[in-house]
Amino acid sequence: MTDENLVKMFKEGNEWCFNEIYNRYYNRLYGYAVKYLLSKEDAEEVVNTALFKAFKYLNKFRGEASLATWLFQILRNQTFSLYRLKRSKGVFVTQSLEVITSDNSSFIMEITDYKTLPENF
């Protein structure tokens with residue numbers, strides 16, 4: 001079933017169609033979000049919020065762009081909003097990496113990411 005058919009059926013009152021949209025796009029949206037937020041928890045939060053907004057406003061979707069483009073735009077807006085909120089509060093992403101040396105010993109390196117979002121974000 002195409003995205004266009006799912007949207008049409010949703011607008012006709014078949015809200016179960018959104019389950020298919022959710023299943024079709026969740027992993028792609030999540031992959032995008034985790035790439036920019038560097039946090040699985042933050043990525044899950046923005047994807048769920050974006051999909052909730054998509055469900056709420058799908059009846060207003062005009063189809064001028066593809067459903068995928070529309071969903072990713074909602075996700076970009078949510079991702080950027082969370083990023084701005086964390087930045088304004090001085091919250092930055094910290095990742096722990098296990099480094100294995102040539103003598104097979106290892107240590108944990110903490111990396112704090114202060115990067116800004118790319119211009120084409």
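Modeller: Start with handedness. A crossing is left-handed if the near helix is turned anticlockwise from the far one by less than a right angle, and right-handed if clockwise. This is a predicted model, with residues numbered from 1 along each chain as its sequence is written. Local features need pLDDT of at least 70, side-chain atom pairs count only at pLDDT 80 or more, and totals for chains, interfaces and linings use all residues; side-chain values use heavy atoms, without hydrogens and water.

Biologist: What pattern does the chain follow along the sequence?

Modeller: Helices (H or I, at least four residues) and strands (E, at least two) are DSSP runs, numbered from the N terminus. The chain holds four helices and two strands. Their order is α-α-α-α-β-β.

Biologist: At what angle do the axes of helix 2 and helix 3 cross?

Modeller: Two packed helices are described by the angle between their axes and the distance between the axes. Axes are lines fitted to C-alpha atoms, for helices over the stretch in contact, and angles run from 0 to 180 degrees between N-to-C directions. Helix 2 (residues 17–37) and helix 3 (residues 40–57) have axes that come within 8 Å and cross at roughly 140°. Helix 2 is therefore oblique to helix 3 (under 35 degrees is roughly parallel, over 145 roughly antiparallel, 65 to 115 roughly perpendicular, the rest oblique). The crossing of helix 2 and helix 3 is right-handed.

Biologist: With which residues is Tyr30 in contact, leaving aside neighbours within four places in sequence?

Modeller: Tyr30 sits in helix 2. Those partners are Lys40, Ala43, Glu44 and Val47.

Biologist: How many aromatic pairs does the count come to?

Modeller: Rings of Phe, Tyr and Trp (its six-membered ring) pair if their centres lie within 6.5 Å; planes under 30 degrees apart are stacked, over 60 edge-to-face, the rest tilted. The count is eight aromatic pairs. Phe10 and Phe18 form a tilted one, 6.2 Å centre to centre with 55° between the planes. Phe61 and Trp70 form a tilted pair too, at 5.0 Å and 50°. Phe10, Phe18 and Phe55 form one aromatic cluster.

Biologist: Why does Phe10 count as buried?

Modeller: Buried means under 20% relative accessible area, exposed over 50%, partly exposed in between (1.4 Å probe, protein chains only). Phe10 counts as buried because its relative accessibility is 4%. Phe18 is buried at 8%.

Note on methods: Contact = heavy atoms within 4.5 Å.
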